[in-house]
Amino acid sequence: MDIPRKIRLTNKLCRELPFATVGQYVVRDATVPGFLCVVGARTRTYTLQLDVTVLGERKTVKRAIGSVFHFDASAALQEAQRLSAEIRAEKAKFTSRQSVLTLRQAWIDYAKRLEARVATGERSQRTLDGYRDYIERCLSNWLDVPLREIGERPEMIAEHHEQLTRECGPYQANRTMTTLRIVYNNALKRRLDAGLSPLNPVAAVDFNREERRSTGMSPLKLRAWAEQLAKLPNQVRREFHFFMLLSAMRPDALKKVRWEHLDVKGKMLRVPSPKGGAKRAFDLPLSGAMLRCLWRARRAGRILHSREAGEWVFPAATQKGHIAEHKEKRHLLSHWGGDLRQTWRTAAQIVGLSDIDASLLMNHSLGSVNAGYITSAALRDHLRACQERVSRHILAAIR
């Protein structure tokens with residue numbers, strides 16, 4: 001029997017279609033799109049198949065109507081038309097909205113508010129850049145989807161979180177969903193769309209468990225690390241990493257340090273843009289080893305990047321004039337960035353610094369109300385002595 005792939009489906013035709021020898025094959029109705037007969041090895045089934053777009057993704061929806069022996073062709077056709085209208089109405093409920101808020105618009109509104117807080121120093125540029133990356137890269141397919149549609153499909157949010165976990169890792173998946181939750185809550189708070197569900201759809205997400213990385217070096221490992229450091233060809237970068245080890249500064253803040261921030265007489269370094277923005281600016285006490293590191297960086301900078309070295313402590317041939325990327329290949333330098341911050345904290349513990357002293361030197365928030373009464377400026381000499389103890393311990397370990 002020569003089987004046409006598109007023909008008007010009738011009782012006689014469908015009941016006489018030969019069973020499939022391998023898998024299945026489909027015969028489509030010539031008059032009604034999506035109405036078809038699926039033939040398997042032992043079954044012939046009236047089926048409706050439609051392509052719809054949901055949350056920016058094109059999907060195929062299939063609904064089995066029934067066996068050709070249990071359904072009359074005309075009755076099956078009526079059921080197919082009813083199901084088709086139902087599916088298209090459901091699609092229209094989510095996507096046929098002309099003047100509602102999209103995720104892109106909700107993000108733009110929140111970004112403007114965040115930019116204002118960055119300008120006043122309440123939040124950092126790094127935070128804004130991170131949020132933008134999560135929204136515009138990790139949720140790029142949803143940017144022009146109505147936010148109320150996203151709010152009404154929490155199961156899709158949970159599925160996307162699982163997909164991001166597989167493709168981008170657990171931490172990035174969590175950060176993306178946290179950012180989406182913030183943007184959605186902002187739209188709710190500001191009533192940008194009266195049709196938004198009051199329940200944030202990110203509530204459906206089972207966040208991945210996150211554990212703090214433990215990458216600080218013991219005194220025994222510090223010597224091997226110092227030997228690796230000495231082999232880096234760029235001395236400015238060598239001093240950058242070494243100062244990070246001695247200071248526990250975060251890399252992004254250290255990159256932006258200018259010579260105008262250094263008070264040699266007072267042995268202090270002003271850090272104007274730490275994590276948390278300008279409101280978290282602080283003065284870092286300097287040990288003798290830290291000052292010597294800075295002078296080595298100045299000599300190297302004047303040789304390698306004479307123009308940029310007049311302004312930046314750690315100059316580089318970049319658009320901004322300072323080191324932009326601090327990461328090294330692990331086989332060349334095993335520890336950098338946060339690893340060195342953890343190493344400093346470990347050393348501080350070994351030499352007996354109190355938790356409050358270590359927190360003040362690392363610019364951490366002081367947890368208790370009692371600790372909040374401490375005026376760090378009045379402790380400069382004490383904190384500099386603490387810094388000196390940590391530096392001497394590190395130097396002893398690498399020699």
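Analyst: Lys and Arg count here as positive and Asp and Glu as negative, with His and the chain ends not counted, and each charge is placed at NZ of Lys, CZ of Arg, CG of Asp or CD of Glu. On that basis, the mean positions of the 68 positive and 41 negative charges of the protein chain lie 5 Å apart. The model is predicted: local features need pLDDT of at least 70 and side-chain atom pairs pLDDT 80 or more, while totals for chains, interfaces and linings use all residues. Residues are numbered from 1 along each chain as its sequence is written, and side-chain values use heavy atoms, without hydrogens or water.

The protein chain holds 14 helices and eight strands (DSSP runs of H or I, at least four residues, and of E, at least two, numbered from the N terminus). Its C-alpha trace spans about 100 × 50 × 45 Å along the principal axes. Buried residues (under 20% relative accessible area, 1.4 Å probe, protein chains only) form 45% of the 399 residues.

Among the buried residues of α7 are Ala-173, Thr-176, Met-177, Leu-180, Val-183, Tyr-184 and Ala-187. An α-helix has 3.6 residues a turn, so residues three or four places apart point the same way. The buried residues of α7 pack against α3 (103-119), α4 (125-138), α5 (147-151) and α6 (154-168), where contact means heavy atoms within 4.5 Å. Just after α7, Arg-191 adopts a positive phi of about 55 degrees.

Definitions and conventions: Buried means under 20% relative accessible area, exposed over 50%, partly exposed in between (1.4 Å probe, protein chains only).
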